Amino acid sequence: MRRLRAAFFARLEPHREGRALRMQRSAHVLLCAGNVDWNTYAGTAGSLLDGQALETIPIMEYVWQRTTRDLVNEELMRRRG
């Protein structure tokens, strides 16, 4: 499972700047709307742009967990059908 996880994050690596830009845009929209969560998005964008390892960024870990859970569920459904 470790190799699969490493491959997953390696595949996401080239998209780091695009994800950071989306996080920055989200932060801006939330800030303008008066939502206090804007700083979480801004911080995540900063972590992405600073080169922090993807697997150490909480939202990216969530993406990994959600992806693997959905793939397992999809496989289980396929076997039942």
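This is a guided tour of a predicted model, one selection at a time. Residues are numbered from 1 along each chain as its sequence is written, side-chain values use heavy atoms, and hydrogens and water are left out. Because the model is predicted, local features need pLDDT of at least 70 and side-chain atom pairs count only at pLDDT 80 or more, while totals for chains, interfaces and linings use all residues.

**Stop 1: helix 4**

Select residues 58-80, which make up helix 4. Helices here are DSSP runs (H or I, at least four residues), numbered from the N terminus. Helix 4 has 23 residues and spans 33 Å from its first C-alpha to its last, close to the expected 33 Å. The expected span is 1.5 Å times one less than the number of residues.

Now colour Met60, Glu61, Trp64 and Thr68, the buried residues of helix 4. Buried means under 20% relative accessible area, exposed means over 50%, and partly exposed lies in between (1.4 Å probe, protein chains only).

**Stop 2: the aromatic rings**

A search of the whole structure finds three aromatic pairs. Rings of Phe, Tyr and Trp (its six-membered ring) pair if their centres lie within 6.5 Å; planes under 30 degrees apart count as stacked, over 60 as edge-to-face and the rest as tilted. Select phenylalanine 8 and phenylalanine 9: the ring centres are 5.4 Å apart and the planes stand at 80 degrees, so this pair is edge-to-face. Both phenylalanine 8 and phenylalanine 9 are buried.

Phenylalanine 8 lies in helix 1 and tryptophan 64 in helix 4, so the pair ties together parts that are 56 residues apart in sequence. Phe8, Phe9 and Trp64 form one aromatic cluster.

**Stop 3: the salt bridges**

Side chains of opposite charge can pair when their charged atoms come close. A salt bridge is counted when a side-chain nitrogen of Lys or Arg is within 4 Å of a carboxyl oxygen of Asp or Glu. How many salt bridges does a search of the whole structure find? The search finds five.

Select arginine 5 and glutamate 61, whose side chains meet in a salt bridge (2.3 Å, N to O). The pair links distant parts of the chain: arginine 5 is in helix 1 (residues 2-12), glutamate 61 is in helix 4, and they are 56 residues apart. Arginine 5 is partly exposed, at 26% relative accessible area, whereas glutamate 61 is among the buried residues of helix 4.

Next, select glutamate 13 and arginine 16, a salt bridge with its closest N and O atoms 2.7 Å apart. Glutamate 13 is partly exposed at 34% relative accessibility, and arginine 16 is buried at 11%.

Return to helix 4 and select arginine 66 and aspartate 70, which lie four residues apart, about one turn of the helix. Their salt bridge has its closest N and O atoms 3.4 Å apart. Arginine 66 is partly exposed at 36%, and so is aspartate 70 at 35%.

**Stop 4: threonine 44**

Finish in helix 3 (residues 38-49), where threonine 44 is found. Is threonine 44 buried or exposed? Threonine 44 is buried, with a relative accessible area of 13%. Show Met23, Ile57 and Ile59, the residues in contact with threonine 44 once its neighbours within four places in sequence are left aside. Contact means heavy atoms within 4.5 Å.

Notes
Helix = DSSP H or I, 4+ residues; strand = E, 2+ residues; numbered from the N terminus.
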